[in-house]
Amino acid sequence: MKYIKVLVINLFIFCGSYAYAEIGFVHTKLADKLYKPWGIAVIDNDHLLITQKSGELFKVNIRSKIKTEILHNLIVSEYGQGGLLDILYYDEKVYVSYAEKRDDEQYSTSVAIGELKENSINFKNIFQSEPPIKSKIHFGSRLEVKNDHLFITVGERQTGKLTQEIDNHFGKIIRLHLDGSIPEDNPYVDVEDGLNEIYMIGLRNPQGMAFSSEDNEIYITNHGPKGGDFFGKVIEKGNYGWDDVAWGGTDYDGTIIGDGSAWLPGLVKPIYRWIPSIAVSDIFFYEGDEFKEWQGDVLLSSLKVQKLLKLDYEDGKVKNVTTLFERKGRLRDVEVNSLGEVFYIIDDSKGSLWQLQKTN
């Protein structure tokens with residue numbers, strides 16, 4: 001157990017500013033020797049599930065700190081940014097997203113469902129993004145449930161304007177029934193050449209997603225290129241515009257994307273943007289007793305700047321952004337159990353699982 005006291009500093013941020021605060025935390029390591037951990041799922045108030053990008057799945061007892069490998073039948077490809085990615089535990093079922101090798105060295109973002117029995121899971125696929133391609137990046141891959149529908153983020157796999165077409169899954173939000181069947185009220189059902197799973201289009205690499213019980217809405221984070229990371233809402237049949245716009249960012253060589261606009265009429269506007277990029281990862285709308293003062297706020301993990309941020313989100317606007325802590329490593333995921341206990345994972349070859357607690 002290590003005591004860390006952090007002074008939150010003021011930094012430039014597009015569309016807002018960081019708050020000043022001095023907060024004392026205890027960071028308790030619950031598991032180490034993890035290889036590029038990617039996703040956390042809460043089973044109950046004593047147990048978590050953790051994915052490793054290399055394909056392994058673990059159950060961690062957060063009280064005893066015992067880590068147990070869960071055997072499974074998926075053939076996972078650790079391929080570029082792909083691998084065994086997000087995990088969700090809902091209604092006694094386990095959902096995972098992963099990079100799946102298809103024919104002729106083609107890969108897709110795929111989703112499978114299974115039931116945890118003892119220390120094993122027999123998964124079956126319920127979704128494969130189409131078409132599979134060779135690109136090694138931008139698999140997206142977060143999972144969330146709203147009103148007994150499963151939402152899936154799929155990255156654009158470096159395909160650019162194909163995110164604007166509805167005959168593929170690149171840069172899309174997918175909506176399914178929990179068994180993988182397609183809801184009849186999805187917006188592109190029966191649209192000519194449209195894929196019926198599509199719910200929203202125009203994203204680049206959405207790697208965070210969370211449900212808010214305050215307004216019964218789903219929210220995402222999305223990676224811009226050089227600048228333009230954002231936090232925004234999932235809108236039925238909405239379009240965030242990639243790559244006609246880059247939300248204020250530029251390409252990595254400094255050239256403009258589209259006509260240089262951050263937004264165009266008819267597109268969904270992000271709620272909050274970061275310039276320069278901070279490599280936004282997962283988010284969680286906080287509920288619980290451990291940090292009562294955070295009720296309804298958004299916890300956001302970041303990779304590049306290695307921070308856990310708290311967004312004061314009210315009435316459709318981010319009023320303040322506070323750095324809770326920093327320089328612990330690449331924060332890939334943050335989750336909260338029903339007690340309000342906060343957990344996060346550090347994504348590297350010597351990764352780890354931590355619990356965040358108050359000093360008293």
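Guide: Two strands pair if DSSP finds at least two bridges between them; strands (E, at least two residues) are DSSP runs, numbered from the N terminus. This is a predicted model, where local features need pLDDT of at least 70, side-chain atom pairs count only at pLDDT 80 or more, and totals for chains, interfaces and linings use all residues. Residues are numbered from 1 along each chain as its sequence is written, and side-chain values use heavy atoms, with hydrogens and water left out.

Visitor: What makes E16 and E17 a pair?

Guide: Strand E16 (residues 149–154) and strand E17 (residues 172–177) share six bridges in the antiparallel sense. Pairing asks for at least two, so E16 and E17 qualify. Within this pairing, His149 stands opposite His177 in E17.

Visitor: Why are E15 and E18 at the edges of their sheet?

Guide: The open sheet has four strands in the order E15-E16-E17-E18, with antiparallel pairing. E15 (140–146) and E18 (198–200) each have a single partner strand, so one side of each has no neighbour in the sheet. From one strand to the next, the twist averages 30 degrees (axes are lines fitted to C-alpha atoms, and angles run from 0 to 180 degrees between N-to-C directions).

Visitor: How do you know that E23 and E24 pair?

Guide: Four bridges join E23 to strand E24 (residues 298–302), and the two run antiparallel. The requirement is at least two bridges, so E23 and E24 count as paired. Phe285 stands opposite Val298 in E24.

Visitor: Why is the pair Tyr219 and Phe285 called tilted?

Guide: The search of the whole structure finds 18 aromatic pairs. Tyr219 and Phe285 lie 5.0 Å apart centre to centre, with 50 degrees between the planes. Rings of Phe, Tyr and Trp (its six-membered ring) pair if their centres lie within 6.5 Å; planes under 30 degrees apart count as stacked, over 60 as edge-to-face and the rest as tilted. The pair is therefore tilted. Tyr219 and Phe285 are both buried (under 20% relative accessible area, with exposed over 50% and partly exposed in between, using a 1.4 Å probe and protein chains only).

Visitor: How do you know that the charged end of Lys269 sits over the ring of Trp263?

Guide: The distance to the ring centre is 4.4 Å. A charge sits over a ring if NZ of Lys or CZ of Arg is within 6 Å of the ring centre and within 35 degrees of the ring normal.
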